[in-house]
Amino acid sequence: MKRSVRPFYIPFSLPINQVKMIFSFAELTSWKKLYWWAMQSPKLFTTAAGAKGIGCFGYPSHPVFEITNNCNLKCSGCHANGGEKLFEEMNTDEAKKVINGLAEIDDFRTIVFTGGEPFLRKDFFELTRYAKSLGFYPIVASNGTLLSKEIVNELKSLGVTGVAISIDSINPKKHDLLRGMNGCFDKVIEGIDILKSKGLYVQTNITLSKINYMELSELLKLSNDISAQVVLLYQFIPTGRGKDLEDVALSKDELLNVIEKTYSLQKNLKPVVAPIGLPEYWAYIFAKNRNIKLKLVKKFFPGCVAGKGMFYIKPNGDVWPCAFLPVKAGNILSEKPIDVWEKSEVFLSLRDRKNITGKCGECKYIDVCGGCRARAYAESGDYLGEDPLCPLKIESLD
């Protein structure tokens, strides 16, 4: 039976809560560009469809569907091992069945198609059209090199909400080196210009490591200059092809510097910056705003959303609680997505923060942070253990 996704304005309390959330964010960060965001509200409401807050990995809750592992690039730290044959990808009918099953989950209204490079899947537009027919608000996460006027026109005609594009350096040669393709940076900027000309939502994805972390201010300025609505500021976590690159991951001091600099810059930036793999950012914000009652607004800021707001689907149907947490919670070719979402032991254990151990479990800011579950797993193999690289000394902040 073909399912149907409810619109973003049903129940009406959902968009009302989203308004409260963004005003709370503005107050917590002294954000001066709220008026600019208000002007973007038509596309932002559909992009954040179903969102109940903002935290690590953006707006929960939504599925991210890695529809292919195929990629035209071969980035050294790719968590998905893009471009390598790892999984038997589901066929078109199987993928449609998965999308139909996702529509059964009431929390899901947005669906993100990613890869690899999603545009390399031959039935990409067919799957997107099908998702839209169910009422989903589709978003595409791409490396940006394949965008053209023809592709963007097709995206717009299908009702795609917007595109998230990766930029890892303001230096074109360095970006090209990190991405493994000459001319990559110029193609990305050209693609962004096309998206903007067609009025689509633009999100930039930045992955920080020792290689580019000194460019943080310039990368955020670039995102601001191209009028991105959101920046997902990823911290490199050694998983996938990057599992042997631990030496390029940021240290505690560097992560703290990222938190402090992002917080200081946010007030004058147009895009909302959401650090990924760094839920401590939200603990830092609340520690800096002790006059704001945590109980009143903490529901909008869940910190790490692994298992709570992220439903990451691999090309073979395996489900992970986060793109960087390779723990199988189920497989939606053999199980209903709603059963994995509601009954998986992995998801249920992550949703109850009383299960988290170590310093994270004892922290007063556990509700708005929770520590990075992916980093805990990468370090110890225990996704409920403490985050080994938490950069905060809460007592000194308080």
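Thr204 stands opposite Val231 in strand E6. The model in which these residues sit is a predicted one. Strand E5, residues 201-208, and strand E6, residues 230-235, pair in the parallel sense, and 6 bridges join them. In general, the strands of a sheet pair through backbone hydrogen bonds, either parallel or antiparallel.

E5 and E6 belong to an open sheet of 10 strands. Read across the sheet, the order is E7-E6-E5-E4-E3-E2-E1-E8-E9-E10, and the pairing is mixed. The edges are strand E7 (272-276) and strand E10 (330-331). Each of these has a single partner strand, so one side of E7 and one side of E10 are left without a neighbour in the sheet. In the order of the sheet, E6 stands between E7 and E5.

A helix also belongs to this part of the picture. Helix H10, residues 252-266, lies across E5, E6 and E7. Its direction makes an angle of about 170 degrees with that of E6.

The structure holds 16 salt bridges. One of them joins Glu89 and Arg121, with the closest N and O atoms 3.9 Å apart. This pair links distant parts of the chain, 32 residues apart. Glu89 is in the loop between strand E1 (62-66) and helix H4 (92-102), whereas Arg121 is in the loop between strand E2 (110-114) and helix H5 (124-133).

How exposed are the two partners? Glu89 has 30% relative accessibility and therefore counts as partly exposed. Arg121 counts as buried because its relative accessibility is 9%, and the cut-off for buried is under 20%.

Arg121 has another partner as well: Asp123 forms a salt bridge with Arg121, and here the closest N and O atoms are 2.5 Å apart. Both residues of this pair, Asp123 and Arg121, are buried.

With a relative accessibility of 35%, Glu126 counts as partly exposed.

Technical notes
Residues numbered from 1 in each chain as written. Predicted model: local features only at pLDDT ≥ 70, side-chain atom pairs only at ≥ 80, totals over all residues. Heavy atoms only, no water. Salt bridge = Lys/Arg side-chain N within 4 Å of Asp/Glu carboxyl O. Helix = DSSP H or I, 4+ residues; strand = E, 2+ residues; numbered from the N terminus. Buried < 20%, exposed > 50% of the residue type's maximum accessible area, 1.4 Å probe, protein only. Pairing = 2+ DSSP bridges. Contact = heavy atoms within 4.5 Å. Axes fitted to C-alpha atoms, helices over the stretch in contact; angles between N-to-C directions.
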